[in-house]
Amino acid sequence: MATPLSGTAIITGGNGSLGSSIAIAIAKAQPFVHLLLLTRDIRSDSVKELRDKIRLIGPRSIEVARVDLTSFNSVVSFTENTVERVQNKEIPPVTLLINCAAVASYIADQVTRDGFDPVYQTNCIAPFLLTIGLLEAFRAGDGTPNGGVRVINVGCSSMSKGSLDYFDKHDFGNQQPGTQLSSKEGNARFGSSKLIMSAAMYALRRSLVLNGKIPLNIFTLDPGGLTGESHLSENAPRSVRMAHQTRSGLRPFLRVFSKSAINNPSVPAKVIAKVAFQRDTVEQWGRERYYILDNDYQAGSVIPVLRDPPKMEALLKKLMGQIEIGVKDGCMSANGHELAYRRIRGSFVFGTDFQATDATDFGEMNRHHAFTNGYAAYPRGQGSTFSISPHRFQPRSQPALRRRRQLIQRLFLIGGVSLLLLVLIFPSWRATILPVVSLGLLSSAEDLQIQTVRYYDLSAVQGTADGWEKEERVLMCTPLRDASSHLPMFFSHLRNLTYPHHLIDLAFLVSDSKDNTLEMLSSMLGELQAESDPHMPFGEISVIHKDFGQKVTQDVESRHGFAAQAGRRKLMAQARNWLLSATLRPTHSWVYWRDADVETAPFTIIEDLMRHDKDVIVPNVWRPLPDWLGGEQPYDLNSWQESETALALAETLDEDAVIVEGYAEYATWRPHLAYLRDPYGDPDMEMELDGVGGVSILAKAKVFRAGVHFPAFSFEKHAETEAFGKMAKRMGFSVVGLPHYTIWHLYEPSVDDLRHMEEMEQERKAREKEEKEQAERSERVNTLFRDTKAESEIDNAFVRDDMETERKDQKASDDSKKLEAESAEEAKTDKSSKAPEREEQKAPETPKNKNLKDAEEVSAVKPAKEQAGAAHDEQLKQGE
């Protein structure tokens, strides 16, 4: 039974650099959340790329919707559709709303169709309207701090340059569209829109919680500076672009002083995904929080206006009035969204304190018409300005500590400049200063000393259930022999692994190969490490070549023949031990053994096995088969539990004997992991094992460090991986298998399978040939001897002749009856005198009538026969 989705997470600007990173972070951390991404263009390349990245993570529920934040009509249509879908249970209730979309502009833009500045409407009014419109789709509270909904507004450091009345004083709609603005003016414009949006959202939360009793938790998160190309604006001045490039280049240096100075978008995305789903206490839920990355501050210390309730109420009424007018004028006239107007009307938000009847209740709010220049787009009241000084935007500290930090920074700066001048002015000092400053890296060759002593704390590499979060390194080992045909498939699996590639070290052992496995492996490893995707290259890679004199060939009969099993298993154990001993490092926490001929396996197999936190764990291994062989079959029978029959059998064997599973020679009657598979069973179900197969093994590195290895001799009448499982069990380590978690091995047909396939192919060709010959004979017979049209004409001619003959016979019969009646009448009148004459006349009259009837029948039949003969002659001519 599938796990139901826990909620819906809506992300505006879902295809942007930060929005897409947030979606990926949530998809990795919360697999049962329905992602609803809002974007202006759902067919863009960035949307397709994002879908592909999330698809590689695993099966996730994701949906992309087109919403234009510069249009009230688009926003209201989306909210109504979402509310309806939630009420109809098409999607789960909304549990998270992230207002990530933003736009910055350094030119005077034309107003939107709703009459507002596009920067102000996109960054402030539209997110506010979106939140209001989705209230009925939000998850209901359960009486705990973790119920209800969380709304995260992405802020910025430019808020310190903004003010609440910025758009009251500046009217870009009266300027010529395209007029260039200064970088200072553009930053103030962008910061003011973000500031008003954050303050209004906090005011909305207070009103909803106090008056509406709606459990809504709203807070702002400042992601800091972001690297990469900015999609906020395409018309930024050169000074802004150069400053951004400079900060990106100095990112390591700037992060020394502030970790939020400049980061890759994935860094704040992980913080947002963590904050969005972290559990809160009652005390934490009641606070108004403001985040700078993962640092939590009181919102009132960053936005002082939050401590002024009258201003907050006035700001909230002002925003409510603007969206009310916009929805009433735009949406209702266009689409008749009367329900949206009633939602925004205000009574359910403010209770009895806010009963506005028209726009005049909110003060002066003149707006631009959609296509004309006129009044200012925003209220021109004389309200107090709002400005945040730069030092107040940072977390408040005591004055003494702040002065001390500034003093230390200045001293470091002066010391660095002084050292640089000394090195440049006095060359003789370089030999003394440079080795000290560079920690010996810039010492002369004779003074350079190689570090020969290293210290490792192996207690920190024990292996845990969430190793990918703790950045635990994994050693992935793969023995290879004549495997050139399998390498392309194996490397495709490597590329799709979701465990962080930089935490995986690859180790290969090529032995006794007669093909180009080694050359092909080197080439494909070079291509893999040279990928442009920074997340694709792996960590350390080791390729070892060592022959062991393996004589058994790689065909199915030789490899799986009973006679070759004992010697082959012992040599394979030597290969595994050589590979492990040469590549295991003190930094490795896990060792993952994987065969190269695995056809299908989940991309998350390392994480799936790791989170069971077992010392040794293996999945179930099956292989696909052709339909005529049953479709599928258990493959790896080396994962089993011990049985009394097998123990008794082992006591009867020689000291060097090796028991192998799946052969009639050794009837062990053990419970095999492969035969317990249920396609619909719980994939996390565990089964205690004694022996394990070697197709896919995940083991903690401490198991091998403790002395467990792959015996190349008979250990308790077993060798290689089965003996490895027994040895690990003997030393007290946990050995389990997952019967319902299945990977699929490549199908390799045996000689009997190939012979049967050849026979089936010959039978198919013979059957096709016979069917073709039979079809040709049938077509030839139909052409020569069957003409349905001619037969129909002949039958119709005979029918017409029969009808004509019957008509003539009827007429002759009627004439005969008439003559007989006349003769009888004459006989009554003159019976005596003309009796002899009547007898004479009657005698010859009968043959005459008979001859006449026969003549008519002959004349009627003769045309039909002539017509049938002509048709038959025509048919013979066509056949010739």
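This is a predicted model: local features need pLDDT of at least 70, side-chain atom pairs count only at pLDDT 80 or more; totals for chains, interfaces and linings use all residues.
Residues are numbered from 1 along each chain as its sequence is written, and side-chain values use heavy atoms, with hydrogens and water left out.

I begin with the chain as a whole. Its secondary structure comes to 28 helices and 18 strands; these are DSSP runs, numbered from the N terminus, with helices being H or I of at least four residues and strands being E of at least two. Of the 880 residues, 44% count as buried. Buried means under 20% relative accessible area, exposed means over 50%, and partly exposed lies in between, with a 1.4 Å probe and protein chains only. Among contacts with a separation of 6 or more, 78% are between residues 24 or more positions apart.

Next, the interior. A nonpolar core is here a set of buried Ala, Val, Leu, Ile, Met, Phe, Trp, Tyr and Cys residues joined through side-chain atoms within 4.5 Å. The largest such core has 98 residues, and those touching the most other members are Ile-22, Ile-98, Phe-128, Ile-303 and Leu-319. Helix α6, residues 183-212, gives this core its largest share, 12 residues. Apart from it lies another core of 38 residues, including Leu-525, Leu-609, Leu-698 and Ile-743.

Which residues does Ile-98 contact, leaving aside its neighbours within four places in sequence? They are Ile-10, Ile-11, Thr-12, Ile-22, Ile-26, Ile-152, Val-154 and Ile-272. Helix α6 also holds Ser-198, which counts as buried because its relative accessibility is 0%. Beyond residues up to four places away in sequence, Ser-198 touches Met-159, Thr-220 and Ile-303.

Let me now take helix α2 in some detail. Helix α2 runs over residues 45-57, 13 residues in number, and reaches 19 Å from its first C-alpha to its last, close to the 18 Å expected at 1.5 Å a residue. That expected span is 1.5 Å times one less than the number of residues. Within α2, Val-47, Leu-50, Ile-54 and Ile-57 are buried. These residues lie on the same side of α2 because they cover an arc of only 70° around the axis, the arc being that of the directions from the helix axis to the C-beta atoms. On the other side, Asp-45 and Arg-55 are exposed. The partners of the buried residues of α2 are α1 (17-29), β2 (33-39) and β3 (62-66). Just after the helix, Gly-58 takes a positive phi of about 150°.

Strand β2 includes Val-33, which is buried, with a relative accessible area of 3%. Val-33 and Arg-60 are 27 residues apart in sequence, and their C-alpha atoms are 7.9 Å apart in space. Setting aside neighbours within four places in sequence, the contacts of Val-33 are Leu-5, Ser-6, Gly-7, Ala-9, Ser-61 and Phe-277.

Where does α4, residues 118-133, bend by about 35°? The bend is at Ile-125, and a proline, Pro-127, follows within four residues; the bend at a residue is the angle between axes fitted to the seven residues ending there and the seven starting there.

Not counting residues up to four places away in sequence, Met-476 touches several residues, among them Phe-490, Leu-494, Tyr-592 and Arg-594.

I close with backbone angles and cysteines. Most residues other than glycine have a negative phi. Lys-89, however, has a positive phi near 60°; it is in the loop between α3 (72-87) and β4 (94-99) and counts as exposed at 75% relative accessibility. Asp-613 likewise has a positive phi, of about 55°, in the loop between α22 (605-610) and β14 (616-624), and is partly exposed at 36% relative accessibility.

How many disulfides does the structure hold? There are zero, a disulfide being a pair of cysteine sulfur atoms within 2.5 Å. Cys-124 is buried at 1% relative accessibility, and Cys-156 is buried at 11%.

Conventions. Contact means heavy atoms within 4.5 Å.
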